Amino acid sequence: MTKLRLAIVGAGPAGIYAADILLKAERKFDVSIDLFDHLPAPYGLVRYGVAPDHPRIKGIIGALRDVLDSGRIRLFGNVHYGRDITLDDLKNHYNAVIFATGAVRDAGMAVPGIDLEGSYGAAEFVSWYDGHPDVPRDWPLRHREVAVIGNGNVALDVARILAKPADDLLVTEIPENVYSGLMQSPVTDVHVFGRRGPAQVKFTPLELRELGELNDVDMVVHDEDFEPDEASRLAIETNKQIFVLNKVLNSWRTRPRTGASRRLHLHFWAKPLEIVDDGTGSVGAFRYERTRPDGQGGVEGTGEIREVPVQAVYRAIGYFGSPLDEIPFDRRRGVIPNREGQVLDDDDQLVHGVYATGWIKRGPVGLIGHTKSDAMETVRNLANDQANWWIPSSADEQSVIELLDSRGVEYTDLGGWHRLDQHELGLGAPAGRGRVKVVDRDEMVTVSRAGDVAVADGADGPDRAERVGSIALT
Ligand SMILES: Cc1cc2nc3c(=O)[nH]c(=O)nc-3n(C[C@H](O)[C@H](O)[C@H](O)COP(=O)(O)OP(=O)(O)OC[C@H]3O[C@@H](n4cnc5c(N)ncnc54)[C@H](O)[C@@H]3O)c2cc1C
């Protein structure tokens, strides 16, 4: 029987789902899968994007872990495609590669003042509070008034984490540096700005409602924003999600303020014009133009200019993919050009043996669940494309390990991830927390590669027993 030696680059949900679907699929060939990730730990943005106070979503990691623990996938963490392993290497060792490298950068925003001190991308802040190893440990949380630009769930995540009392995050996996950073934050007012109206937001109801449940935070909305035009009225009447969102937003119009020490303001119909310099090269204010519906589903400026004093601005207007060495890239959309997951070159011709899935395939929109249907499509095309797979010169599984070893790559494997996982659970146990993340990359690698590492105190509980059970499976 033919054997497909498959490399998947990116151990986020898209890469892991692709492996799972392929392994479970009815097929006429055997499969052996190696999953590479640039980070020493798997799960991509589920670990480093999903907010720490969303344990239910973080819980998806359990399902992804089961896939890795099936014993049929090898994990190579701390391996960066383009540096530690190249396209030629993949061609030498595999029949095909699926890129599932996601999108981790902030999309750019062309407004004057975007480069001022105090102007940040949401992705950088998210990486910081989620303990990403490659961002600085300190975040400049020294501002009382802050703007967040965007009307999607990432804007809500950023606004919520900025406004939430740090102690309320202590039950989560946030690392110590994040807790102490947030503890010292003097923030009093977080202003969220959207270009369109309350009936056009991209929030989901659960995430919006959550804002109103924060301790010691008053919600502030403005009556002038709630005069729906015909299209908005229709949307509220016909779309259940918009109906619920509208109900939540309207409930805050009449809710009395409690005198909370922090306020979270939602501003609609606000088109960013400029991040205003305070005279020292730092953010001093956010200037915007009021908009109104243009009657064609969009908005137009009203000419009314307003300014809100803020000392920091976070833009949460979307993520953007990064180009990969020797792989075609659409610089406008930030994706790998593809036809249903089959990668295309500049002349729209198929690049044999190369596939894409997840956010790098279709752009940074959609929930984790969407990466599953994505993966299904990509895997189907890969499976049907056998005639065009590469013919590797060294297809045996040991040869990749020898290659990485010969280059001195300190890769981490599945056993290593289990060790790090245990270690993090152990760090959380004494304080009754589920986990405390290790942030430092060297420490992550050291714990992972330590073989019989001493597990941090407190890891001996029912959870440990259950997890050790799953280790034995691999
Ligand atoms: C802030 C934020 C909050 C979110 N919250 C939710 C939520 O609550 N619920 C929900 O359903 N969805 C949420 N999402 C969306 C969800 O995270 C994505 O749908 C999903 O993670 C996309 O999966 P992916 O595998 O394509 O990319 P990713 O999860 O980004 O995984 C890509 C992986 O590729 C690796 N990689 C990248 N480049 C290389 C390279 N050169 N070499 C090797 N490896 C590489 C990365 O390290 C990463 O592990 C959120 C997204 C963000 C940004």
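I worked from a predicted model, in which local features need pLDDT of at least 70 and side-chain atom pairs count only at pLDDT 80 or more, while totals for chains, interfaces and linings use all residues. Residues are numbered from 1 along each chain as its sequence is written, and side-chain values use heavy atoms, with hydrogens and water left out.

**Ligand.** I looked up which residues come nearest to the ligand. Of the 30 residues around the ligand, they are Ala-14, Asp-37, Leu-45, Tyr-81 and Trp-359 (a residue is near if one of its heavy atoms lies within 4 Å). The shell divides into 17 nonpolar, 11 polar and 2 charged residues (Ala, Val, Leu, Ile, Met, Phe, Trp, Tyr, Cys and Pro count as nonpolar, Asp, Glu, Lys and Arg as charged, the others, Gly among them, as polar).

I then noted backbone N or O atoms by the ligand. One of Ala-14 lies 2.9 Å from a ligand oxygen atom, and one of Trp-359 lies 2.8 Å from a ligand oxygen atom.

**Helix pair.** I looked up how the axes of H10 (residues 230-238) and H11 (residues 240-253) cross: they come within 5 Å, at roughly 105 degrees. The two helices are therefore roughly perpendicular to each other (65 to 115 degrees). Ala-235, Ile-236 and Thr-238 in H10 meet Lys-240, Ile-242, Phe-243 and Asn-246 in H11 (contact means heavy atoms within 4.5 Å). I recorded 4 nonpolar, 2 polar and 1 charged residue for this contact.

Definitions and conventions. Axes fitted to C-alpha atoms, helices over the stretch in contact; angles between N-to-C directions. Helix = DSSP H or I, 4+ residues; strand = E, 2+ residues; numbered from the N terminus. Parallel < 35°, antiparallel > 145°, perpendicular 65-115°, else oblique. Polar contact = N/O pair within 3.5 Å; in protein donor to acceptor, adjacent residues only side chain to side chain.
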